[in-house]
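Subject: Structure handed over, with notes on what was found

Dear colleague,

I am passing on the structure below, followed by notes on what was found in it. Please read the notes with the structure open beside them.

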Amino acid sequence: MPEVVLSANNLVKHYPIKKGVLRRTVGHVKAVDGVSFDLHKGETLGIVGESGCGKSTLGRLLMRLEEPTAGTVQFEGQDWSGASARETRRLRRNIQIVFQDPYTSLNPRMTVGDIIGEPLEIHPDVVPKGGRRQRVQELLDLVGLNPEHINRYPHQFSGGQRQRIGIARGIALNPKVLICDEPVSALDVSVQAQVVNLMEKLQDELGLAYVFIAHDLSVVRHISDRVGVMYLGRMAELGEEDEVYSRPTHPYTQALLSAVPVPDPTLRGKREQIVLVGDVPSPANPPSGCRFHTRCWKAQDVCSQEEPQLEMRQDGAGGHLSACHFAEPRLVVETVDVSDLVPDERFVSSSTDDLDDVGSGLGHDDSLAPDDRSTVERSSVSDPQAPADTSRVVQDTDDQQR
Amino acid sequence: MTEAAVSEAPTSTPEGGDSAPARSLASDAWRTMRSNPLFWVSSVLIVIFTLMAIFPSLFTSTNPTEAILRDARVRPNADAWFGRDIQGYDIYARCIYGARASILVGLLTTVFTTLVGGIVGVFAGYVGGWTDTILSRLGDVFFAIPLLLGAVIVLVTLPATDNYFYIVLKVVLALVVLGWPSMARLMRSSVIQVKPNDYVQAARALGASPWRVVRSHIVPNALAPMIVVATINLGAYISAEATLSYLGIGLQPPTVSWGVDISAAVVGMRTTPHMLFFPSLFLSLTVLAFIMLGDVVRDALDPKNR
Amino acid sequence: MSTATDTTTSGHTYTPKDGVLLEVDDLFVEFHTRDGVATAINGVSFELRQGESLAILGESGSGKSVTAQAIMGILDMPPAVIPQGHIRYCGEDLLTMPEEQRRKTRGPEISMIFQDALSSLNPVFPVGWQIAEMFRVHRGMNKSDALEQAVRLMERVQIPAARDRVKAYPHQFSGGMRQRIMIAMAIALDPAVLIADEPTTALDVTVQAQIMALLEELQEERQMGLILITHDLGVVADVADRIAVMYSGRLVEKAEVLDLYASPGHPYTRGLLESIPRLDQKGQTLAAIGGLPPNLMNIPPGCPFNPRCRMAQDICRTDRPALREVAPGRLSACHFAEEVIDA
C-alpha cells in the first residue's frame, strides 16, 4: 500500500449556538464529530452523505479553512494544527481545494491569468517571476482550455470551463492532495463527464490524491478508489469502492444505495427500495448511541445506548470498516462490470479537453472536430451564397422569427 | 430582412478564432453607460460646473465682489445678464464664482466620507466580532446626531477665520463627521456579502495574507455600491453646504457661494425673485447632475442587468 | 380515501376529449431582452392524456421549464412573448382565454410544484393556513372547514403529526416535508394536470425517493396527467410512461420510456445516456457529448445539435430535421434517426 499523505485523526468541529442579547452559548451543532481516515498517495477517497452530514465541513477542516474543535490533521506525518506560520504556508502548497459553485469560486474582477497566477504570486518561490505567465498558460493547456484565453474574465466562460479554471488554480502549486467539494454537482450532465475525466487524467499525470466530496453516489463510485459514507457528523462505513457498493454492511449505506435512481426503466419495480422513515435528526441534538438508530429497521436497545465503533466487520468476502452493531452484507445494487465496454465514439468522446466552445459560438472548436467535419464546415462557410443552402436558411430563420 | 438573415446566417456557424475579446466588468459597465443619454447629459453638466469651479474667469470677466450700488436689485438686462443683487454685485458672476465653494465642499466631503467610512466599513465587516460591534455602535452614535445640530456644534467650536480654504474645510469637516457612518454601514454590509464567496475562501486556502485578501478580492467586489452612493451623496453634500450657509453657520460672506447668495436673496423673495432664482437654479442643476450620474452608474454596475 | 372524495365535490368545468387533457401545439416563446431576442421555445408540440406520466427531459437552457411556465401562464410577459402556438386544455385554448377565466384554471384544473419549496411557500404564514387558503378562495369554505381539509391533505401527503403541525411555519419543516406541503397545495383542488418542475433536485436521495413514490401514488389515485420536468435520467426511468427530450427549445425525441432507454433515436439522447456515470456499473469509461447548447439568440441553421453532433453531415447544417415518426410510437428529429436507433 502506498504511503499515507494526509490523515485525519478524530476530527471534531462543533459550532456554538448562541442565543439572547448576551450571546450565551446554549448548545453546539456537531457538524463533524470524530472522523478519522488516511489518504494514500495518488488515490481518490470519496466522501458521500446527505446534506447536513458534515462532509463539507470536513473538507474545510482538512483545508484548514476552519480550526477543528478537537483532533488533528496530519500531512505526511506532520501535525498541521501545531505548525508555525511558515510551516503552514508550506503545507498549503501541498493541499489545495476545488469548490462546488463555478460562479462564486472565481473573482469576477480578475482575469483568468490573474486568478490562476495568484497562487504563484503568494508563493513566489515556486516559479520565478519571469516564468509565471508561461506557467499559467501551461496550466490552462493542462486543464484543456485555450491558453490564448488568459486575458479573459470569468463571465466569458461557461460553467464547465470555469470549473476547469478552478482546477487549474488548485493544481498551480503542484499540491499532493486536492480536496474537491462537490466539484461537478453544479454542472450539466453532458459537461460533468468531461470534468470527471479531466480530474482522472490529472491524477494520473501529477500523482494527485483526491478527497472527493459529493452527494452523487454514482459519480463517487466512478471516480473513487475508496469511499467513506457519513451520517450526522460521523463515518458510518469506510472501505474500497467495491466493498461499499457491492457489499454494504451498514443499514444507512444500504438505504442510501437503494434510493439512488438507476437510468434503466427495465429495473422499475424490480429493485428493492429501502424507504427510511422520518428525517435526518438535527446535528445540534444527535441521537444517543448509534446516530442512525432512530431511522434504522434493525435497531435494538443496544443501538440507543452504545455507540458502535468504526471497525473491521465481516462483509461476506473479507471485511471492511463499518459502524454498526449488526453489520451484515446485503446486496442492494446488482453491479455489472463494464470495463471492457468502450463508449460509442459516434456519439460521445472520452477526451478530457474542453469541448464547451463547440456549438455555443464562444470561441475555438477546432480542437476536436473530426477532420472531415471541419473541412465540410469550412467549405460551407467560404461559400455562403450557395443557392441550395440559402433557400433553406431563409426558411429556417423565417420560422424562428415568426 | 430576409436578406440580412441570409448573409448573417452562414457566418453564425461556429468557427475557430477568438471572437470575443477580453472584457472586464468595468469595461462592460462603461459600454452600458455610454449608450445612456442621461449619462451624457449629466457628464456635460458636471464638466461645465467643474470648469466653472477651476477657471471661473473662462465664463465671466466681471468681478463678483465689485459692488455697483446704484444698480442694486436691477433686473436681468444686457449689462448684467442675471441682474444684480442687494449689494449691486453681478449675479451671473456670483453664480459662476459660487461653483467653486459648492464643488469643493461636495468633492472633498465625498472623498473623506468615502475614505473614512470605507476603511471603517471594511475593517468592521472583515474582522467582525467585537471590532465590528464597537465600530458599528460608534457609527450609530454619530448617525443619531441631527445634521444641523451636529454641524452647528462642530462649526461653532472651531475658531473663526477669514481664509477661504480654511472656511471650506471647516464645513467639510462638519459634514464628514456626520456623514461617514452611512458610508461605513454600506461598506460593512457589502463586505459581509462578499466575504463568504468561494473565491475569498480559495485565496485563504492558498495562504494569502489578510491584506491581500482584502485588497484584491474583497474591496474590488464590494466597491460598487459605494461608488453609486458616493456619486449621489456628492449632490446631497452640495445642498447640505447651501443649507448650512443659508442658515448662516456654513460659509460666510465675503466668501462667494450659492448658499450664501440664496440666504441673502430670501429677504426680497417677492420683490426681486431673480436674486433667488439664479443661484437656486445653479445649485439644483449641479445636485441633479450628480444624482443622475449616480443613477446611471448604478444601472451600469448592477449585474442583474447583464 | 376520504380526502379524495371530499376534495372532488365541485367537479371539473372541463372534460377531456378522447382522454386528451392537454395539447401543446407548435408553441413558440421568445424573450425580448436588451441584447436581442432569445428563442426559448421553438415550435414544440405534445399532448398529455389522463393518467399518463410524461417526462420532459433536458439540460439547463433547453426550454423545459419555460414550457411548464407557459402552460401554467406564469411567464413574465414582457420580456416573454408567445408569438405563435396553442395550448389547449380539454380543447379550450388557454392562450386566447380571458385572463380571469384562465386564472380559475390554475389550481382546480392545472397546478404545479416547483423545485425550491422554501421560496415557494410564504414564510410569514403557517403552512396549514396556506393550504386552507386554497379552499377558501376557490371553494368558498369557511375557516374551520378549510383548516380541517388542510389537515387531511397534510395527512394524505404523509406529514407526521399533521394536526399538531398545521400551525407551524415553513422554516420549521425540513426540505422534504416542505416539498410535501407544496404537493399538498398543488393537489388540494384535485387538478387534472400536475406539472412537477424538478421536484426533487434540491433534495437528498433518500428523500427524493420518498417524494417520487408519493407523486406516483397520488397520480394513480387521482388519475392525474403528470408532466415531470427534469434533467435526471434516473428519475425519469423510474416514473415516466413517455419521454419528450428537449434541446435548445425544440423537441428532438419523443418515445415510450422502455424504447428510449433501449435504443435512443436521437444522437443527443444517445450521448446523454452514454455520458452519465451509473451506480450499477464498475469500470465504466465515462464519455461526454462535448460542447454546449447553442446560444438561444443565435441558434445555428439546420439541426440545432449539429455543431456538437459527431454524426453530422452536410444536410444537418442546412436542413432543420422535422420531428417525424421513425418507428411505431417513436418520434425523432434527426435526419439519421434510423441509423441511431440501430446503432
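A polar contact is taken here as a pair of N or O atoms within 3.5 Å, where within protein one atom must be able to donate a hydrogen and the other to accept it, and where residues adjacent in sequence count only if both atoms are side-chain atoms. By that rule, 12 residue pairs, both residues being at pLDDT 80 or more, are in polar contact between chain C and chain A.

Some conventions apply throughout. This is a predicted model, in which local features need pLDDT of at least 70 and side-chain atom pairs count only at pLDDT 80 or more, while totals for chains, interfaces and linings use all residues. Residues are numbered from 1 along each chain as its sequence is written, chains are lettered from A and ligands numbered from 1 in the order in which they are written, and side-chain values use heavy atoms, with hydrogens and water left out.

The interface of chains C and A

With contact meaning heavy atoms within 4.5 Å, 72 residues of chain C touch 72 residues of chain A. Buried area is the accessible area (1.4 Å probe) that two parts lose on being put together, summed over both; between chain C and chain A this comes to about 6400 Å², with carbon and sulfur atoms giving 57%. Of the area that chain C buries against chain A, Leu279(C), Lys282(C) and Arg310(C) supply 14%, which is more than any other three residues.

A salt bridge requires a side-chain nitrogen of Lys or Arg within 4 Å of a carboxyl oxygen of Asp or Glu, and the count between chain C and chain A is 2. Arg278(C) forms a salt bridge with Asp264(A), where the closest N and O atoms are 3.8 Å apart. Helices (H or I, at least four residues) and strands (E, at least two) are DSSP runs, numbered from the N terminus; on the side of chain C that touches chain A, helix H10 (residues 233-239) of chain C gives the most, with 7 residues.

Over all chains, the structure holds 43 salt bridges. In chain A, the side chains of Lys13(A) and Glu66(A) meet in a salt bridge at 3.8 Å, N to O. Lys13(A) lies in strand S1 (residues 4-19) of chain A and Glu66(A) in the loop between helix H1 (55-63) and strand S4 (70-75) of chain A, so the pair ties together parts that are 53 residues apart in sequence.

Domains

Domain bounds come from an automatic or database domain assignment, which gives chain C a domain 1 (2-240) and a domain 2 (269-343). Chain A is divided into domain 1 (4-322) and domain 2 (371-401), whose C-alpha centres lie 47 Å apart.

Sheets of chain C

Two strands pair if DSSP finds at least two bridges between them. In chain C, 4 strands form an open sheet in the order S2-S1-S4-S5, with antiparallel pairing, and the edge strands, each pairing on one side only, are S2 (36-49) and S5 (92-93) of chain C. Strand S1 (residues 20-33) of chain C pairs with S2(C) over 11 bridges in the antiparallel sense, and Phe31(C) has Ala38(C) in S2(C) as its bridge partner.

An open sheet of 8 strands in chain C runs S6-S7-S8-S3-S9-S10-S13-S12, with mixed pairing, and its edge strands are S6 (110-113) and S12 (324-327) of chain C. Strands S9 (residues 242-247) and S10 (residues 250-256) of chain C pair in the antiparallel sense over 6 bridges, where Met246(C) has Leu251(C) in S10(C) as its bridge partner.

With best regards
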